[in-house]
Amino acid sequence: MGTMKQILKPGRRVRIVRQMPTRDRCWIPAVEGTIVSYRQEATGAWFAHSRNHKLWLDRLIIRHDDGELTDCILDAFTRIDPVDNLRSGFTGRRLRGQHARR
C-alpha cells in the first residue's frame, strides 16, 4: 500500500468516517467530498519527545458538493473510503498511531 500522500490525492472523492468515544456511547460521524489537499502540520501545542517539540497532525481538506470546505484531523480512529471504490468492495484505509513528518 502506498504512502498517505499517494493515497490522498487532490480530486479523489472520499468518505471520512470517525469514531469518537464518549462516556456512554460511540459517536460515528461521516463526511463525504472531494479532496482539496492533504498535509502534515505542526500544532501550536508543545509535545515532549517529538520533532521540534511540536505535535504533528495529518490534515485533510475536503470540498462538499455544495462548496463547503471541511478540515479533517486524521487519527487512529479515522477510516478513509474512496467513494468510487465502495461498490467494488474496497474497505478503505484505517490510520494507525502517530505519523512522523517526512
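Buried means under 20% relative accessible area, exposed over 50%, and partly exposed in between, with a 1.4 Å probe and protein chains only. The model is predicted, so local features need pLDDT of at least 70 and side-chain atom pairs count only at pLDDT 80 or more, while totals for chains, interfaces and linings use all residues. Residues are numbered from 1 along each chain as its sequence is written, and side-chain values use heavy atoms, with hydrogens and water left out.

Q: What percentage of the residues in the chain is buried?
A: The accessible surface of the chain comes to about 7,000 Å², an area from the Shrake-Rupley method with a 1.4 Å probe, where for residues only the protein chains shown count as cover. Of that surface, 52% belongs to carbon and sulfur atoms. Among the 102 residues of the chain, the buried share is 28%.

Q: Which pattern does the chain follow when read along the sequence?
A: Helices (H or I, at least four residues) and strands (E, at least two) are DSSP runs, numbered from the N terminus. The chain has one helix and eight strands. Read in sequence order, the pattern is α-β-β-β-β-β-β-β-β.

Q: Which element of the chain has the highest mean pLDDT?
A: pLDDT is the predictor's confidence in each residue, from 0 to 100, and the chain averages 77, with 70% of the residues scoring at least 70. Over residues 88-102 pLDDT stays under 50, and strand S8 (residues 93-94) has the lowest mean among the elements, at 49. The highest mean, 92, belongs to S6.

Q: How many bridges join strand S5 to S6?
A: Two strands pair if DSSP finds at least two bridges between them, and S5 (residues 54-63) and S6 run antiparallel. Isoleucine 61 stands opposite aspartate 71 in S6, and arginine 63 stands opposite leucine 69. In the hairpin of S5 and S6, five residues lie between the strands, and glycine 67 takes a positive phi near 95°. The number of bridges joining S5 to S6 is six.

Q: Which side chains of S6 point to one face and are buried?
A: The side chains alternate along S6 (residues 69-74).

Q: Which side chain is joined to that of threonine 70 by a polar contact of 2.5 Å?
A: Contact means heavy atoms within 4.5 Å, and threonine 70 touches Leu60, Ile61, Ile62 and His64, not counting residues up to four places away in sequence. A polar contact is a pair of N or O atoms within 3.5 Å, where within protein one must be able to donate a hydrogen and the other to accept it, and residues adjacent in sequence count only if both atoms are side-chain atoms. The partner of threonine 70 at 2.5 Å is histidine 64.

Q: With which side chain does arginine 59 make a polar contact of 2.6 Å?
A: Arginine 59 has its place in strand S5, and beyond four places in sequence it touches residues including Ser37, Tyr38 and Arg39. A polar contact of 3.4 Å joins its side chain to that of aspartate 71. The contact of 2.6 Å is with glutamate 41.

Q: How many residues are in the largest nonpolar core?
A: A nonpolar core is a set of buried Ala, Val, Leu, Ile, Met, Phe, Trp, Tyr and Cys residues joined through side-chain atoms within 4.5 Å. The members of the largest one include Met4, Leu8, Ile62 and Cys72, and its residues number 12. Helix H1 (4-7), strand S1 (13-18), strand S4 (30-46), S5 and S6 each supply at least two residues of this core of 12.

Q: Why does leucine 8 count as buried?
A: Leucine 8 is found in the loop between H1 and S1. Leaving aside neighbours within four places in sequence, leucine 8 is in contact with Ile35, Tyr38, Leu60, Leu74 and Ile80. Leucine 8 counts as buried because its relative accessibility is 2%.

Q: Why is threonine 43 buried?
A: Threonine 43 is found in strand S4 and touches Lys54, Leu55 and Leu57, not counting residues up to four places away in sequence. Threonine 43 is buried because its relative accessible area is 19%.
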